[in-house]
Amino acid sequence: MKKKKKNELPSGSCRIQVRTKDCNGKNIRKSFTGSTKFEAEQKKVEWMLNRSEESASDLTVASMVRKYIDIISPVESPNTINGYESIYRTHIEKEPFGSESMNDLTADTTQKWINSLVRGRKPKTVSNIYGLVSAAMSEYYPDKSLQIKLPAKIKAKLYTPSDDDVATVLNCCEDDIMKNAILLAAFAPMRRGEICALTDGDIKGQYITVSKSMAWTKDEGWFVKVPKTEGSYRTILMPKFVISRIAPIKGRIVPITPTALTNRFIHIVRRSGVPYFRFHDLRHYAVSAMHAIGVPDKYIMQRGGWETPNVMRRVYLDVLPDVSQSENKKIVSHFTKLMIKG
């Protein structure tokens with residue numbers, strides 16, 4: 001018997017429901033039906049764009065942000081929407097600032113709200129919260145300009161593992177599933193969701209094709225989706241010793257959720273005795289290692305799934321400790337020779 005898909009009707013059509021609120025806080029639920037999920041999603045987006053229940057003239061901050069999240073949900077990644085929903089619930093929906101009328105909103109009122117968020121929170125968190133309000137404002141009130149002062153960003157103190165750290169963690173790891181995950185993150189480099197969605201059908205010879213990722217939403221739980229960006233689609237040449245480990249596996253190569261992967265990795269790193277670093281920092285290591293051996297940025301971007309070099313350079317391009325020491329010795333040696341010649 002064919003298994004019924006989520007949202008599939010007996011007729012074979014697909015139905016999608018949307019839950020939202022109007023500017024008075026009244027719950028709204030509407031269904032959209034199409035021959036395919038894509039068609040139903042299109043109808044949902046069209047309805048969102050043409051809603052007449054709210055007009056820009058009577059929006060509060062909360063209703064504006066709610067409307068913005070609902071409209072972009074079909075086209076944004078689940079992780080992004082989950083983050084927006086959390087910000088909305090925690091900092092906007094039930095806060096006095098959320099009930100402010102957008103027509104009457106001033107820079108002074110907004111700055112006081114920002115100042116209240118600063119206490120006990122990281123600058124990046126505050127920036128992310130205001131970023132959602134700012135994005136919604138750009139959509140519905142593009143002519144409203146508020147001069148806001150955000151807290152200065154503090155550079156995150158992240159540890160980029162060295163070659164020895166990665167080797168030590170691999171040697172310490174007795175979990176075959178996790179060892180495969182570490183190899184894919186450090187040498188591909190692949191993201192958690194990409195690793196957990198990878199199957200035997202994605203391996204051809206010495207190549208791995210990345211064409212999907214695993215994500216979580218409160219409605220569907222963990223599910224497999226398309227990658228986060230167009231640049232995330234890629235085919236990666238892998239070392240033979242990695243392929244020899246994972247090629248015989250049938251189905252999912254790393255059959256656990258991204259959350260379980262993270263939790264297991266924490267224990268492995270702590271047992272290994274190396275300085276603590278996150279599973280995601282293996283991507284930092286991969287980028288830094290490739291850069292250190294002279295691989296041009298465009299090939300690093302291609303292998304890691306970045307569309308532009310900006311994020312890669314700003315976030316991932318750390319300096320490997322051992323390479324840094326070696327290069328600094330070269331610099332000192334160069335200037336020493338220069339002084340001897342003089």
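Q: Which helix does Ala-40 lie in?
A: Ala-40 lies in helix α1, which spans residues 37–49; helices here are DSSP runs of H or I with at least four residues, strands are runs of E with at least two, and both are numbered from the N terminus. This is a predicted model, in which local features need pLDDT of at least 70 and side-chain atom pairs count only at pLDDT 80 or more, while totals for chains, interfaces and linings use all residues. Residues are numbered from 1 along each chain as its sequence is written, and side-chain values use heavy atoms, with hydrogens and water left out.

Q: Is Ala-40 buried or exposed?
A: Ala-40 is buried, with a relative accessible area of 0%, where buried means under 20%, exposed over 50%, and partly exposed in between, using a 1.4 Å probe and protein chains only.

Q: And what is Ala-40 in contact with, neighbours aside?
A: Once its neighbours within four places in sequence are left aside, Ala-40 is in contact with Cys-14, Ile-16, Phe-32, Thr-33 and Gly-34, a contact being heavy atoms within 4.5 Å. Ala-40 and Cys-14 are 26 residues apart in sequence, and their C-alpha atoms are 6.7 Å apart in space.

Q: OK, zooming out, how many helices and strands are in the chain?
A: The chain has 14 helices and 7 strands, and of its 342 residues, 40% are buried. Among contacts with a separation of 6 or more, 64% come from residues 24 or more positions apart.

Q: How many aromatic pairs turn up?
A: A search of the whole structure finds 4 aromatic pairs, counted for rings of Phe, Tyr and Trp (its six-membered ring) with centres within 6.5 Å, where planes under 30 degrees apart are stacked, over 60 edge-to-face and the rest tilted. In one of them, the rings of Phe-97 and Trp-113 have centres 4.0 Å apart and planes at 5°, so that pair is stacked. The pair links distant parts of the chain, with Phe-97 in the loop between α3 (78–92) and α4 (107–118) and Trp-113 in helix α4, 16 residues apart. Phe-97 is buried at a relative accessible area of 5%, and Trp-113 is buried at 7%.

Q: Why is the pair of Phe-265 and Phe-277 edge-to-face?
A: Their ring centres are 5.6 Å apart and their planes stand at 65°, so the pair is edge-to-face. Phe-265 is in helix α10 (residues 258–272) and Phe-277 is in the loop between α10 and α11 (281–292), 12 residues away. Phe-265 counts as buried at 1% relative accessibility, Phe-277 is buried with a relative accessible area of 1%, and ring pairs link Phe-265, Phe-277 and Phe-279 into a cluster.

Q: What sits over the ring of Tyr-88?
A: The charged end of Arg-66 does, 4.9 Å from the ring centre; the criterion is NZ of Lys or CZ of Arg within 6 Å of the centre and within 35 degrees of the ring normal.

Q: Where do β5 and β6 come in, and how many bridges join them?
A: Strand β5 (residues 213–217) runs antiparallel to strand β6 (residues 221–225), with 5 bridges joining the two, and a hairpin connects β5 to β6 through 3 residues. Across that pairing, Trp-216 stands opposite Trp-222 in β6.

Terms used. Pairing = 2+ DSSP bridges.
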